[in-house]
Structure formats: C-alpha cells, structure tokens
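Here's a quick briefing to read alongside the model. Take a look at the structure first, then work through the points below.

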Amino acid sequence: MTLFGDALAWITDGAHWGGAGGIDHRILQHLLVTFAAVALAALLALPLGLLIGHTGRGRLVVVALAGAVRAVPTLGLLTLLGLALGIGIEAPLLALVALAFPSLLAGAYAGIEAADRGAVDAARALGMSEWQLLTRVEVPLGADVIVGGIRAATLQVVATATLAAYISDTGLGRYLFAGLKSRDYVQMLAGALLVAALALLLDLTMAALQRASRPTTRKVPA
Amino acid sequence: MTWVQANRDYVLDMLLQHVRLSVPAILISVLVAVLLGRIAWRWPRAGTVVLGTASLLYSVPALPLLIVIPVLLGIPLRSGLTLVVALAVYGTALLAGTAADAFRSVDERVREAAEAMGYSRAGLFWRVDLPLAVPVLLSGVRVITVSTVSLVTIGALVGIPSLGNLLTDGFQRDIRAEIVTGVVATMLLAVALDGLLVATGRLVTPWRGNVATGVTT
Amino acid sequence: MTRMTRTPLRSTQLGLALVAVASLTLTACGGESDPLSAGGDDSGETIVIGSQDYYSNEIIAEAYAQALEAADIEVERDFKIGQREAYLPEIENGSIDLFPEYTGPLLQIWKPDTQARLADDVYGELVDAADAKGLTVLDQSPATDQDSYVVTREFAEKYGLETIDDLTKVTEKMTFGANSEAESRPNGPKGLKDTYGVDVAFTPIEDGGGPLTVKALKDGDIQLAIIYTGDPSIKKNDLVTLEDTKGLFLASHVVPVASDDVSDKAAGIVNKVSAAMSPEDLVDLDARSVDEQLPAATIAKDWLEKEGLL
C-alpha cells in the first residue's frame, strides 16, 4: 500500500509540475486530444445518427457497422495508422475518433427514437416541417440520451488516450509507458491515478450536463 | 494471405489464448453484475452506492488497471489472471447498471402472480425474475462481450499473449498483413461470440419467438 | 405482456446451467494447463524458455529450443513477453529457466553504476551479478546486438557526423526517438548530455527502433534514434551509425541466462548454439524475419541446419 502513498507523493512533488514534461502540461495535452477526438467524431456521427433516428432508414446497416467498429482493437488501428502516417498525434487522434464514433452514433439515433411518438405525431399534425420536427421536438426530447452517448464516448476516449503515448510525446500515457518500461511503478501508478481522476472529473461534468439536458416535461424513467 | 498460411499455428495459438482470456472475464462479469444488479434492484439505497462505485471503476483506464491490479492482489503483472481480473472489473462495471435495469424491466404483476402461486424467494429469482430479465440483460452482455474481446489485445503491451501480439509484433517487423490479421481475427472472434450470445438468448427465452433480441429502449 | 408457461422457464434454467458449467470448465482449463500463469518454479525436466517481445530475440530463443529438443530435452516456449523490465522478475524467481539476453543492458540493470565497457569486462561482471541472484549466465556469443545511435545519411553529411561527439557540431534542434524506457536509461538523453554534452528533445516510439522509428527519421520528425546494430534496416535505409568514442554503451553480446533447472548437458548444447552464431549471422537472421516475414521457428531451423546443429 505504500506504493499508493508514494504515487500520491510523486503527483504532489512540485518538481513534476511545470515545464514540457510537467503534469499540468500532460493533463492539458490529454484533454486536448480527448476533446479533439470526440469533437471530430461527433461531426460525423451526430448528423448521421439524427438522420437515421429521424427517418428510421439504414438503421440495421449502420448499427452493424458501428458494432464492427466497436470490435476493432484500438491498438491495431493505432499501429496500422502509425505505420502509414508516421509518429505524432495524427494516428492516435484518428484511432480515438474511430473509438468515439459508435457510442456517439448510438446515442444520437437512440435519442431520436426515444422521443415520445405522440409528441412527434402531434407536432406533425400541427404542420411542422421535418426540419422543425427534428430540431424543435425530437432533439430536445432525446437530448439526455444524445448527451449520454457523448458522455460514454468521452469516457472511453479519455481512458484510451493513454495509448497516444505509444507513438507520440503526448498525454498522461507517457507516465504509464515510461514507468512500465523502466520498472518505475511509482511513476506508472501516479500516471494511472491522474488518468482515473481526470476521467472521473470529466464523467461527473458530463453527468451533470446530461441531467441538465433532460426534458422537464418527460416522465423520468425509473 | 501468404503470411497467414505461413503462420497458421501461431495465429490459432494466439486466438486460443485470446478466447481463454476473454471468455472467463465475460462470464465472471455476468455473474458478478447479475448479483450486484439484484442487490441494487432489491435495496435501491445500497444500489445507488453499488452502481456509483461500478461506474467509478469504469472510469479507470484499462492500461493502468492492468498495472494496479497486480499491486493490489499480489499477483504477477504478466499473469493471465491479471488481465482476466481487469477485464472482469470492467465488464462488471459496465454491466451492473444494465442488470439492475433488467430486473426493473420485469413486470411487477407477473411477479405478484408468481408469488401468489406460491413460488419461494429463490424460485421467484430463478424461474421468474432472471428468465424475464434475460432480454435486457443480454443487450448489455453483448456490449461487454465485444468490448472485452477487443480490450484483451492491450495485454500484449505488458506481455500477456493474445491476438494483441500480432499487433505489436507486426508493428515492430513492419508486417502489415500480421497487424491486419490480428485486427480481423479479433473482430471475427467478437462477432462469433456475439452470435453465440444471440443464439443462447433465443434458447433461454423461447417464449419470445423469433423476435430480434438485444434492442432495448 | 409476457405469457408465462412452465416449459420455457425450464429451458431457461437449462441454458443458465449450461453457461455456468461452461464457465467453470473454461476457468478450470485455464488454471490447469495455463502457460500464462507466472507463479512459482516449474520443477521437473521441462526447461521453460522465454524471449523478449522482439523478433530477433525470439529467433535466438527458438534456436535454443530446437537444439535442446533435438537432444530429447523437453522445453516449453514462453515467448514474446515484453521488455526486460516485464520479464526479468520471472527469470529472477525461477519461473523462466532460459532466456537469451544481452550482456551490457542486463548488467546495467543488475549493476547500474558499472564502469565496465569492453566485452570481456562486462561479461565478467555479469557472471558475478548473476551469481548473486542465484542465476547462471552461460558462454557469451560472438553475436552482438547493441544499441547504437543512428542518423540519416543526409543528416550525417550535412554536419559531417561520424561519432556521437560530432553531434555537438549540429546547430539545429534535435529530437531523439526511442522506446520510452530510453528516456531514463543511462545511455539516453541524460547520458548524451553528461557524457557528450549534447542536448536533445525526446519523443517516445514504442517499436524498439523498428519501422516507425526509421520512418520518423526519414520524415525528419526525429533526427536521432537508437537502433540495434543487428537490425537490417540500418543497411537497407542507408542509416549512419555514430561511433561511441566515450563508452556510452556497454558491449552487448548475446548471452543465455539460465536457472538451476538447466542441466550441464543442456547448458553445453546452448553454448554450442551461442558459439556458432556470428554477428553477421544475427543480422542475416533478422533480415529474414523482416524481409521474408518468416516465423522465428523456420528461420532458427534453417540456421541450425546450416550450422550442423540439428
């Protein structure tokens, strides 16, 4: 158990803060990679998910595709992309985008599908256009599920972003690999604790966001 | 393809190791998650704590988990057990919430009817609650199956052999066919286990007829 | 509303029972013949041979294995088990009996403050260090596989580089790429600074000086890399190895580390394998692995046959 104490001491040691390899710098890098990956994936996945949810078309194909993407080991994708693109952040970023994609997509179409059909039909009867239906009824009603998808994707990406350090000088994964390979378990554990804390913090934030986006009129599922 | 032919035994060996690591992890996850889900369903207040802890565990990244578990349990880092425990923790964390939902999805009237028919508490669990919870439970099990199979590969980073070795070895030797083989074999294994689950789901819930399983609302 | 009958529920139970049985069986198989279990000392005749997660090392381990098998000695292969930091504890506790190692790097782990640099000095100190751990190092092989600093031909010509010392002439900012453990090892950036007065930035590339490292060199993402001298990619990519004039690297010969379970007879066989392997042989073996993409077993077998050891 002293190892945990040592790891905490390592984290609080002022010498490990500031500068290029400092904890603060690594946390910032880690967050940037995470947000960039989720944002890029969202650009693709959310519109596609909304479209599928709204039209109900292509669901089976896309669900199967997302399932297949989910089964792709990120490490494999990372090494293949790395060999193609060289070192640096590009390959890990793309691999993380692929990781975030299925959760975002599932959240988006499930959110739309979860919208109360009665409300949708009523809105259609009122003469809303398809676009109005989507933006004024379906998205607001399904917002918490959609945000739930973003939350799941963010959690996966922030945890897996440690792999970025496999081929680039980026993020908290650096402490893990450096520690692992030089038997410096204190450093490794310190890195692990930092990533876990960061993930937890992000998840709590996203959970609050998810609660806030829950439609007030909707019956809250038990 | 020539690479696969020349290395068939190696690929099959690593596939077998992969199965040996992923299947026990999945099964342990299901057993523990059902137990936790049941607890959470029966005692909602304790349930909040249990499910909260579970989702907290899920936020611990896999690679650090692989490193922390040996420290906590005193087992060697490179032991297959380390990976199985890590993946089981993950699977449980992901599945426990779904398991609680699954028990909640059981129609209260059915349960009351069964109680009226004189089912014992154990009988109620084994013959009413659990079978009726299967459809929702199964959707969660399918998710953790796919993610577990995919996650086993990172064991290669700490020296636990699996299809992940094809990824790291192919990377070092610049044999892309080897990496692609590793990726494809992992995906095929995930798809195969998923298919097995769907089939099992049909087998244990025959009253559902041919309704497609795995879709929850 | 779900209709309830007795029959479907019984088949549910059957299904669950099947799952439970399957789970127990699988777990049991896993525990019984599990080659992954790393605890304890496997007593008996079988020699457990390990190898690094490095193709060249695996070929050597495979050569040991096949030579021993040819003499009817039972071996168990436990290959590709990460880097030294991951497997060394298992050699030290005896769960792996035989492992191809490299004299210099191993000595630096066991005796970090060693001053030995030349092959025989390093080997001599390693014998003592191993003895203190209750292990034996067998004869060192003429084959060497040594870390070395390399740059591209273009970069070398631009600044007239032949030795590591020449790097002080470089006026641009240099980034050094290698496995992340290199960052803290004595011959990494710190060693460059202390021994040669050369400042470099560091970037991790976890492929052990493999294809991605070479690509990064050629792309100009990094200027300096550590690549093993046995690596055929040095020649293939026309890279320049910088001479280590101040002894940053220890001599690094292939050397088998053995536990008590390795009998004198087995040790004799392994020594013969070591003696037969020249530095050029090792580069050729590595080249076959990378270029012809052959499995380690095939490469080792062909070489053993050529040397008349099978």
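**Two interfaces at a glance**

Chain A puts 34 residues into its contact with chain B, and chain B puts in 31, with contact meaning heavy atoms within 4.5 Å. Bear in mind that this is a predicted model, where local features need pLDDT of at least 70 and side-chain atom pairs count only at pLDDT 80 or more, while totals for chains, interfaces and linings use all residues. Residues are numbered from 1 along each chain as its sequence is written, chains are lettered from A and ligands numbered from 1 in the order in which they are written, and side-chain values use heavy atoms, with hydrogens and water left out.

**Chain A against chain B**

- The size of an interface is often given as the accessible area lost when the parts come together.
- For chain A and chain B the buried area is about 3000 Å², with carbon and sulfur atoms giving 82% of it; buried area here is the accessible area (1.4 Å probe) that two parts lose on being put together, summed over both.
- P73(A), L75(A) and L83(A) supply 19% of what chain A buries against chain B, more than any other three residues.
- On the chain A side, the elements giving two or more residues are α1 (2-12), α3 (59-71), α4 (74-85), α7 (130-160), α8 (173-181) and α9 (185-212). Helices (H or I, at least four residues) and strands (E, at least two) are DSSP runs, numbered from the N terminus.
- α9(A) brings the largest share of that side, 8 residues.
- That side of chain A splits into 28 nonpolar, 4 polar and 2 charged residues. Ala, Val, Leu, Ile, Met, Phe, Trp, Tyr, Cys and Pro count as nonpolar, Asp, Glu, Lys and Arg as charged, and the others, Gly among them, as polar.

**Chain B annotation**

- UniProt (unreviewed entry) marks "transmembrane region" at several stretches of chain B, including 81-103 and 150-167; such annotations may be inferred rather than shown by experiment.
- Residues 81-103 of chain B are 100% helix, with end C-alpha atoms 30 Å apart.
- Residues 150-167 of chain B are 33% helix and 0% strand, with end C-alpha atoms 12 Å apart.

**Inside chain C**

- Chain C is divided into domain 1 (46-144 + 253-306) and domain 2 (149-241), with bounds from an automatic or database domain assignment.
- Domain 1 of chain C gives 12 residues to the contact and domain 2 gives 11.
- About 890 Å² is buried between domain 1 and domain 2 of chain C, and carbon and sulfur atoms give 44% of that.
- In domain 1 of chain C, Y54(C), Q108(C) and V283(C) lose the most area to domain 2, together 37% of what that side buries.
- The count between these domains of chain C is 1 salt bridge.
- K236(C) and D291(C) meet through their side chains in a salt bridge (3.0 Å, N to O).

Key: Salt bridge = Lys/Arg side-chain N within 4 Å of Asp/Glu carboxyl O.
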